[in-house]
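Here's a walk through one protein chain for someone meeting it for the first time. Have the sequence and the 3D view open as you read.

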Amino acid sequence: MTVQPWESISAKKRQALAQAIPPEWLIPADILPPDDQADVTTFLHESGWFTDRELEILDTPSQKILAEIASQSWTSEEVTRAFCKAAAAAQQLASSRQPITSQINCLTDFFFEEAIAQAKELDESLRTTGTIKGPFHGLPISIKDNFNMIGKDSTIGLASLADQPATSNSVLVDILVKAGAVLYVKTNIPTAMMMGESVNHVFGRTVSPLNRNMTSGGSSGGESALVAFGGSRLGVGTDIGGSLRIPAACTGIFTIRPSFGRFPSALVRAGLAGQESIVSVAGPMARTLDEIVFWSKTVIDYAPWLLDPKCLPIPWRTVQLPQRLRIGVLWHDGIVAPTPPVARALKEVTGKLEKAGHEVVTWKNTDYIELLTVTGRMFLADGGKSIKKLLEPTGEPFPAEMKPFEAAQEIGVHDLWQLHVERTRLAQAFLNRWNESGIDAILCPTTPYSSAPNGKFAYGGYTTIFNALDYSAVSFPCGVHADREVDAPYADHKSLSELDTKVQSDYDAQAVHGAPVSLQLVGRRLEEEKVLAMTDVILQAISKASDCNGLAELCR
């Protein structure tokens, strides 16, 4: 069988995706936002294209949607249609305006007809039995491209994997469906899911709907864009170096990076299949913390350890927090300093925590450089062979952002084992410092950016280090927004590294004006319940110290 070149495969895939949008959900040309409109999240409410009922559904948190469906005040069919229509709109709007990707945005596949048919079946079952199928009964949930669904592609942004539908489901997909979720779209990722922005040769670049000049992050950037736009209330992504937290931070939404084994990740397609030095984990993305907690507890309540051989048999736990938290603050990691809006946010939030009676201490960046160096060598240990073998069949080139993989040299098994030894030594030292400090959590930037222009996201070390340690971490919008008047570039900044020089020189206060700023709260390994509860405490401290104008969802 002759393999087509990647250019042909990509062109056909894009064309098929564009043509698959139902005619009734093609946005009329006369209401399309102008090309110079950066923020397209206003489209849902300002275009007049959505009914009041549809907008009510789209604006309602997941738990309330489920309550309305369970009471039969709403049907799963009308809820599903509303989210399918919003996702179709996102696909047409949240796109980069650069010529090469002018028609591409956050989706890699959508199956609206199947989703609506499933919703109808759920409605009929509820009408006839009076019983919901499960805790997600009738709720549309979006999933990242790499989750396998029978009959659907999991391309992970590679032409050689296009038109190769999965023959089995990922374990998490089976759990979601068993719980009654309606799966309706798959979302875009970077090539092999190993970049901080979601861009690939097959589907192009996903950008932030809050500002189309800015990245939605990666690798779960399609999910973050869809959720931030309003085309999904709950989405599912994965994280191997920050792939949940980076896109969540770039779009101002919530997520949790769990420790390996809490949520199922079996039968999920990987860019570096077999690489287990740094493991990938699955997690939820949403516009509220409550929805993150709800998704997490629901999935764990299905005992995923009975289906995924690497899941840990840890049921959902009730957490009792101390009245006064002791928070270690990492002001910078010694490699790249946070840009002015993020530095300001960290100071403001720590001040509000102290005002609320919590203790704030400085957490030193000891061993951060060493941990990140070891992690980088682990990712490149195969000399880039895994990705090269996926690119070669169609002649697809390495993306410019993946030069380290293209240039990598394979190391031997013994050398890899020594990296494991070194990582364990560093992890032990990190744990010892944590124990000696008596802290409950670390508060730090999720990324050095409030937002980054497309193609300019250059550093993900603030997230990757906690993948190396396998700590649980929440990224959350902290209520601060970049402000060109107060967040001017540093006037007298002592550079921490060449990379820091680049990040600070790329910083443009005007470009990021108005962008939401996210921070990261890190707990110990396998402390998902505690870190979520502590995030809620931080949000309460923020809301009490603020008037909460414009922060309705943050201050719920």
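First, some ground rules. This is a predicted model, so local features need pLDDT of at least 70 and side-chain atom pairs count only at pLDDT 80 or more, while totals for chains, interfaces and linings use all residues. Residues are numbered from 1 along each chain as its sequence is written, and side-chain values use heavy atoms, with hydrogens and water left out.

**The whole chain**

The chain's secondary structure comes to 18 helices and 15 strands; these are DSSP runs numbered from the N terminus, with helices being H or I of at least four residues and strands E of at least two. The radius of gyration is 22 Å, close to the 24 Å that the globule rule gives for 556 residues, so the chain is as compact as a globular protein of that length. (That radius is taken over C-alpha atoms, and the rule is 2.2 Å times the number of residues to the power 0.38.) Along the principal axes, the C-alpha atoms fill a box of roughly 60 × 60 × 50 Å.

Of the 556 residues, 59% count as buried, meaning under 20% relative accessible area, with exposed being over 50% and partly exposed in between (1.4 Å probe, protein chains only). Contacts here are heavy atoms within 4.5 Å. Among contacts with a separation of 6 or more, 79% come from residues 24 or more positions apart.

**The annotated sites**

Which residues does UniProt mark as "active site"? The unreviewed entry places that feature at Lys 144, Ser 219 and Ser 243. UniProt positions are given in the numbering used here, feature names are shortened, and annotations may be inferred rather than shown by experiment. These residues span 100 residues in sequence, yet no two of their C-alpha atoms are more than 10.9 Å apart, so they gather at one spot.

| Residue | Relative accessible area |
|---|---|
| Ser 219 | 1% |
| Ser 243 | 5% |
| Ile 240 | 13% |
| Gly 241 | 15% |

Ser 219 sits in the loop between β7 (211–215) and α8 (221–229), while Ser 243 is in the loop between β8 (234–239) and α9 (245–251). Their side chains make a polar contact at 2.9 Å, which is a pair of N or O atoms within 3.5 Å; within protein, one must be able to donate a hydrogen and the other to accept it, and residues adjacent in sequence count only if both atoms are side-chain atoms. Leaving aside neighbours within four places in sequence, Ser 243 is in contact with residues including Lys 144, Met 193 and Thr 238.

Most residues other than glycine have a negative phi, and most peptide bonds are trans. Gly 218 and Ser 219, however, are joined by a cis peptide bond with omega about 10°. Ala 192 has a positive phi of about 60°, and Ala 192 is buried at 1% relative accessible area. Leu 267 also has a positive phi, near 65°.

**Helix α18**Helix α18 (residues 528–544) has 17 residues and should span 24 Å at 1.5 Å a residue; its end C-alpha atoms are 25 Å apart, which agrees. (The expected span is 1.5 Å times one less than the number of residues.) Its buried residues include Val 531, Leu 532, Ile 538 and Ile 542, and what covers the buried residues includes β9 (254–257), α10 (289–301) and β14 (473–481). Ser 543 belongs to this helix too, and the side chain of Ser 543 reaches the backbone oxygen of Gln 540 at 2.9 Å.
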